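I opened a new notebook page for this structure. My plan was to look things up one at a time and write down what came back.

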Amino acid sequence: MTQENSSQNYERTKMQKDRIIHHLREEGCRITKQRQVLLDVILEEDFTSCKEIYYRALKVDPKIGTATVYRMINKLEEIGAISRKNMYKILCESPDDER
C-alpha cells in the first residue's frame, strides 16, 4: 500500500469514526475509552462475531468485558452504523442514510 493510499484510508476511517461518535452522542451515549477502543478495533478489519471483536479489544484494554462489546454492537446496529448481515463491518454510508 502506498503512502497516499494509506493516508486516504486513514482519512476515510477517521471520518467514519467521527460520524459514528456524533450519532452515538445524539443517542445520549457517553464516549468512553472502551467505546473508542471498540470502534477502533471494528474499523481496523471485518469480524464474523462479537467474540472476535472482544478478543481483539482485550489485547488493547484488558478491562473490556464481553457485555460491553455486545452492548456496543447492539448500539451500532441500532444507529445503522453496522449490520450483522455484513459481518460487523462498518458501513461506508452515513448512519443518516439508512434512517
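These are my entries, from the whole chain down to single residues.

**Entry 1: ground rules**

I am working with a predicted model, where local features need pLDDT of at least 70, side-chain atom pairs count only at pLDDT 80 or more, and totals for chains, interfaces and linings use all residues. Residues are numbered from 1 along each chain as its sequence is written, and side-chain values use heavy atoms, with hydrogens and water left out.

**Entry 2: the whole chain**

I looked up the secondary structure. The protein chain has four helices and two strands. I noted how these are defined: helices (H or I, at least four residues) and strands (E, at least two) are DSSP runs, numbered from the N terminus. Along the sequence the pattern reads α-α-α-α-β-β.

Next I checked burial. Of the 99 residues of the protein chain, 37% count as buried. Buried means under 20% relative accessible area, exposed means over 50%, and partly exposed lies in between (1.4 Å probe, protein chains only).

Then I turned to contacts, meaning heavy atoms within 4.5 Å. I took the contacts in the protein chain with a separation of 6 or more; residues 24 or more positions apart account for 50% of them.

**Entry 3: cysteines**

How many disulfides does a search of the whole structure find? The search finds zero. A disulfide here is a pair of cysteine sulfur atoms within 2.5 Å. I looked up two cysteines anyway. Cysteine 29 counts as buried because its relative accessibility is 13%. Cysteine 50 is buried too, at 3%.

**Entry 4: helix H2**

I picked helix H2, residues 33-44. H2 has twelve residues and reaches 17 Å from its first C-alpha to its last. That is close to the 16 Å expected at 1.5 Å a residue. The expected span is 1.5 Å times one less than the number of residues.

Which residues of H2 are buried? I found Val37, Leu38, Leu39, Val41, Ile42 and Leu43. A reminder to myself: an α-helix has 3.6 residues a turn, so residues three or four places apart point the same way.

**Entry 5: how the helices pack**

Two packed helices are described by the angle between their axes and the distance between the axes. Axes are lines fitted to C-alpha atoms, for helices over the stretch in contact, and angles run from 0 to 180 degrees between N-to-C directions.

I started with H2 and helix H4 (residues 66-78). They pack at an angle of about 70°, with their axes 11 Å apart. So H2 is roughly perpendicular to H4. The scale is this: under 35 degrees is roughly parallel, over 145 roughly antiparallel, 65 to 115 roughly perpendicular, and the rest oblique. On the H2 side, the contact is made by Gln34, Arg35, Leu38, Leu39 and Ile42. On the H4 side, I listed Thr68, Val69, Met72, Ile73 and Leu76.

H3 and H4 came next, at about 125° with axes 10 Å apart. That makes H3 oblique to H4. Cys50, Lys51, Ile53 and Tyr54 of H3 contact Thr66, Val69, Tyr70 and Ile73 of H4.

Last, I checked H2 and H3, which pack at about 120° with axes 9 Å apart. H2 is therefore oblique to H3. Here Val37, Leu38, Val41, Ile42 and Glu44 in H2 meet Ile53, Arg56, Ala57 and Val60 in H3.

**Entry 6: single residues**

Where is aspartate 61? I found it in the loop between helix H3 (50-60) and H4. Aspartate 61 is buried because its relative accessible area is 6%. Leaving out residues up to four places away in sequence, aspartate 61 touches Lys33 and Gln34.

Is valine 60 buried or exposed? Valine 60 lies in helix H3 and counts as exposed at 52% relative accessibility. Its C-alpha atom is 9.4 Å from that of glutamine 34, 26 residues apart along the chain.

Leucine 58 is also found in helix H3. Leucine 58 is partly exposed, at 25%. Leucine 58 and valine 37 are 21 residues apart in sequence and 9.5 Å apart in space, C-alpha to C-alpha.

I finished with arginine 19, in helix H1 (residues 3-26). Arginine 19 counts as partly exposed at 26% relative accessibility. The C-alpha atoms of arginine 19 and alanine 81 are separated by 9.3 Å, and the two are 62 residues apart along the chain.
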